[in-house]
Amino acid sequence: MADAVSPDTEPLPGTDVDDTDTAGHRGTLLIKDRAVERIAASAALQVPGVVRHTGGLSLLTGRELPRADVTTGGQAVAVNLFIAAEWPYDAAALTRRVHDAVARQLHDYTGLHVTELNVVVAATPQAEEREQAEQPVPVEYLESDIVAHTESRARIPVVQPLPPLATPAAAPAAALIAVGSLGLAFVAARELLIVRGTYAGAPWLRNAFEWFGRLHWEPWIGPVAGILALLGAALLFAALKPRRRTHLPLRVSGPAQTVWMRRTDVARMCSARASVLPGVRSARTVVDRRRAVVRVLADPEVSVAELTATIRAEVEPNLALLADPLPLVVKIGHADTRATASGGRRR
């Protein structure tokens, strides 16, 4: 029987023992984009004011908010983050906190440097009283701490991101073409089964081709050809039509615009500020590409000129958050006379 070798026994001559722990022996680490997306969404959800939201098409697609789309390359990552902000909220402060939290956790957990982080407020759900009572006290963030933490990082080049755009005008046509392609595939499979004798039935394609072969000029061919030409021109126009912008950029610190708001959210923000003023019964705001119109129903004893000045003083600072502030038009109507005024003038 061979003698047992103790741990202190020296290795036999000619035997190489290499205990060096090198990177090649440890292997490699691969972080998938899906993991980065979950880290970014979880970090955004930890910011007070950002809530989990599922609604609209998200109920069918299963893509709830917040969600992130990432693009990784080397040791850098670019993130498009879609969040739901609990209404009402301070857009500038909220987005700064989201920027700081997401960039910090991505760097701490993955080692990736965030070269681009675009935040889009995609929904603004109203807070329910029951939910507010059950929520714990949120963690206070100091703006000085956030700014100081951001400025201490190394400067990195910022690429101007593309703004949020609407669905392409060619999307309905593309859906119809896809449905037609599926129908053509079904007809082709049916013809193949008929040719092989698997299915007994009248062939559609052969009969159609024979009908076209016997076809001569008919009066209805000209109008049909004209309609098809117009349809082709309309589809070509829809394919080349630029997508319209659905969000307005906010004025944030930095060389690039990275935060946007929907026109609906800007209108809600203006209406919320105007509706709480003394003498205002209701307020409704419409925001288009050129201006923001606030229509107010006021008490009969309220002065139109004074109320117009008050509304401008309260609402215009909110519009100043936009990168391109919109001019404000105030229209006031009394509950009894329905007299309206714009810019302090009675109409």
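The following legends describe close-up views of a predicted model.

Local features are limited to pLDDT of at least 70 and side-chain atom pairs to pLDDT 80 or more, while totals for chains, interfaces and linings use all residues. Residues are numbered from 1 along each chain as its sequence is written, and side-chain values use heavy atoms, with hydrogens and water left out.

View A. Two or more residues come from each of α8 (204-213) and α9 (221-240), helices being DSSP runs of H or I with at least four residues, numbered from the N terminus. The most, four residues, come from α9. Phe212, in helix α8, is exposed at 52% relative accessibility (exposed, over 50%; buried, under 20%; partly exposed, in between; 1.4 Å probe, protein chains only).

View B. In the model, residues 220-240 are 95% helix and 0% strand, with 31 Å between the end C-alpha atoms.

**View C. Largest nonpolar core.** This core holds 55 residues, of which Val79, Leu81, Val98, Val102, Leu106 and Ile311 touch the most other members. A nonpolar core is a set of buried Ala, Val, Leu, Ile, Met, Phe, Trp, Tyr and Cys residues joined through side-chain atoms within 4.5 Å. Helix α4 (residues 91-110) supplies the largest share, seven residues. At least three residues come from each of domain 1 (33-123) and domain 2 (247-334), with bounds from an automatic or database domain assignment.

**View D. Salt bridges.** The whole structure contains eight salt bridges (side-chain nitrogen of Lys or Arg within 4 Å of a carboxyl oxygen of Asp or Glu). In helix α2 (residues 33-45), Arg34 and Glu37 are three residues apart, about one turn of the helix, and pair at 3.4 Å, N to O. Arg34 is exposed at 51% relative accessible area, whereas Glu37 is buried at 17%. In helix α4, Asp100 and Arg104 are four residues apart and pair at 2.4 Å, N to O. Asp100 is buried at 6% relative accessible area; Arg104 is partly exposed at 26%.
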